[in-house]
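My notes follow in the order I took them.

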Amino acid sequence: MRLILLVTVLGLLAASALLGLIYGPAGYAQIAELSHIAYFESAGPSYLPLDISLAAYAQFRIGILVALAISLVSTFFLLLRPSFQREGKRLLQELRRALSALSRTIAALSAAELWLAGLLLLALVGAPLVQLLIDSLSPDELLSYDAFVHQGPVATTGFYPIPNNHVLYNLLCWPLKQVMPGHVRAIMRLPSFLMATVGTAVSYLLLTYFRSFRVATVVTALFGLSEITVTYAASGRGYYLQFVCLELAFFAVLTLVSRSRGRRLAWAAFIVGCPAGLYAVPTFAMPMLALLLVLLAAGATAPARLRKPFLLQVGGAALAIGLISALLYWPVGSLSGWSRLLENRYLASCSLAEFLHREQSYLYEAANLLYGPPRAALLLWAGIMVVTPLMLVRPGLNSSTRWLASTCWVLLAVPAALMVVKQLFIPARALLFTTYFLYLLVALAADYGWRHWPRPWATRAVASTLAAVILIKLFALSKHLPVLLRSREKTESIARAYQWLRRQPTGPVFTEDHYHGLLFYHFNLLEPTPLLLQYEHHPTTSPRYVVLPKGQPINPIEWAASLPLQVRYQDDIVTIYTSPNFKTTPAKLVP
């Protein structure tokens, strides 16, 4: 428990120091400005009025300073005690031994295995790199940059109008904005790409250490070449960062339930990884719950003399994670309101009738995104969920294999159980981690076949099946390339239309299309002389320019149909009309 207490205090110190650096220099005027930040949920911008008074904000800042002072004093108090100094030294010793063990794992690989691993990792770096360079920023990425990263750390950590704010990820993007201003694609996507590159290599190595090179290679190839993996490894969102945090917690739990050494390092990794995952994307609570259930099961089945201490450690770790996470999200609760964080509309429950009505379409869409062809994917998922428990109760299965497989199974089962019990549909992107753990169970099954049926035909059958799956994934990635190119062409077309408008006489620009409006607003943030944008018609102010998607008629827009509009600009994406009778009148600039 000393180690858990020490890591908890250090975690609270780091969190309070971060908030102190952000909100110490931030005056109330900067907080008031948050109410004027536009975010896009529909055709036009929305705003979140923050209901926090000057006195309440002063109390909030004092609270941060108090938390910093308490955690700082507690840290010094613990580090001055010999027992906690020994815990810290033992933790560092375990870290050195772990690094040494991983080094020996690499050294034990043959030259052929090293070549195979190197080529695979090169392919897994190249695929998201191509997407990073080719694909245009998605609406979610644009919104993350415009409403949070561009506005600075105060907005990133305290302004939470919609679940789009992946706080930790956006916070990591902000320093890049200072280093390379204007390079939005690099600012938003480099953290994900670097996390994916490092995380893939480390998880490959850890799985080799915990299981075998063969299993690790199969899992890394199947997961890394999945379309959803490549997409989020090159996306300016927090989902891959969340997955890397989950991998850290996952291997920590494996250590705690199946090994007698390295337990201090495992507890530290678990307590660090879980708050980081929650701060990246709050839906991390799902896999975290699964891992806590595994730890509770391990405690319940431990020998009597170890049961109580282990369960106390699990409770202490859960409390530590809760305290650190609550402190990190304190600005969100104080400035935007806890309901904004806790009442996620993407996870809203529905009636039983609606749940049953939407269930089939959701399963097909989610399976297609996460695993591949939906029918085959759902059959595979169902087969794995049924067969795994039957295999786990077989005699002769060693403890490490049993815990590895059962932990993966629980990580797949918990989200499914939550959806059924709560009658809700979890967005497939939040279930990215299930792709990895499903393939890990597939790899364990294939490895079992290789070990127990050493006949040539059986080995060839297993290898051929896995090779066919990998080829299907490569084919899916190649088919996705034209989609990326079309998306880039669309964005470039809208950018050309925006630049054409900048060269024209000044006047209000009206657009009601969501994507056009979002991009125009984004371009405005990057330009010294932005356009005057209108997203709603004002009876006293007629626009000089009307921007519509190509092919959309003017007629449905009643006020526009009455104007003598003329087509002045048109391409494959956009049509821009101008009003020859326009008279210069004041217009409001969208902030």
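**Entry 1: the sheet**

I started with strand 3 (residues 508-511) and strand 5 (residues 545-549), which run parallel and are joined by three bridges. Helices (H or I, at least four residues) and strands (E, at least two) are DSSP runs, numbered from the N terminus. Two strands pair if DSSP finds at least two bridges between them.

Before going on, I noted the ground rules. This is a predicted model, where local features need pLDDT of at least 70, side-chain atom pairs count only at pLDDT 80 or more, and totals for chains, interfaces and linings use all residues. Residues are numbered from 1 along each chain as its sequence is written, and side-chain values use heavy atoms, with hydrogens and water left out.

Axes are lines fitted to C-alpha atoms, for helices over the stretch in contact, and angles run from 0 to 180 degrees between N-to-C directions.

**Entry 2: strand 7**

I then followed strand 7 on both sides. Strand 5 and strand 7 run antiparallel and are joined by five bridges. Pro549 stands opposite Val574 of strand 7. Strand 6 also runs antiparallel to strand 7, with four bridges between them. Strand 6 and strand 7 form a hairpin, and three residues lie between them. I looked up two positions along this pairing. Gln570 has Thr575 in strand 7 as its bridge partner, and Gln566 stands opposite Thr578.

Is strand 7 buried or exposed? Five of the five residues of strand 7 (residues 574-578) are buried, so the strand is largely enclosed by the rest of the structure. Buried means under 20% relative accessible area, exposed over 50%, and partly exposed in between (1.4 Å probe, protein chains only). In a regular strand the side chains alternate between the two faces of the sheet. For strand 7 I found both faces covered: Val574, Ile576 and Thr578 are buried on one side, and Thr575 and Tyr577 on the other.

I moved to the helices. Helix 13 (residues 263-280) has 18 residues and reaches 25 Å from its first C-alpha to its last, close to the 26 Å expected at 1.5 Å a residue. The expected span is 1.5 Å times one less than the number of residues. Of its 18 residues, 13 are buried, so helix 13 is largely enclosed by the rest of the structure.

Helix 1 (residues 2-23) packs against helix 13 at an angle of about 35 degrees, with the axes 10 Å apart. Which residues make the contact? Helix 1 gives Leu3, Ile4 and Val7, while helix 13 gives Arg264, Trp267, Ala268, Ile271 and Val272. Contact means heavy atoms within 4.5 Å. I sorted these residues into seven nonpolar, no polar and one charged. Ala, Val, Leu, Ile, Met, Phe, Trp, Tyr, Cys and Pro count as nonpolar, Asp, Glu, Lys and Arg as charged, and the others, Gly among them, as polar.

**Entry 3: helix 8 and two buried residues**

Helix 8 (residues 167-179) has Val167, Leu168, Tyr169, Asn170, Leu171, Cys173 and Lys177 as its buried residues. Their cover includes helix 1, helix 6 (139-149), helix 7 (153-158), helix 9, helix 12 and helix 13.

I checked Ser192, which lies in helix 9 (residues 184-210). Ser192 is buried, at a relative accessible area of 1%. Leaving aside neighbours within four places in sequence, Ser192 is in contact with Tyr169, Tyr232, Ala233, Ser235, Arg237 and Tyr240.

Last, I looked up Leu246 in helix 12 (residues 239-258). Leu246 is buried, with a relative accessible area of 1%. With neighbours within four places in sequence left aside, Leu246 is in contact with Phe284, Pro287, Leu291, Phe433 and Phe437. Leu246 and Leu278 are 32 residues apart in sequence and 9.7 Å apart in space, C-alpha to C-alpha.
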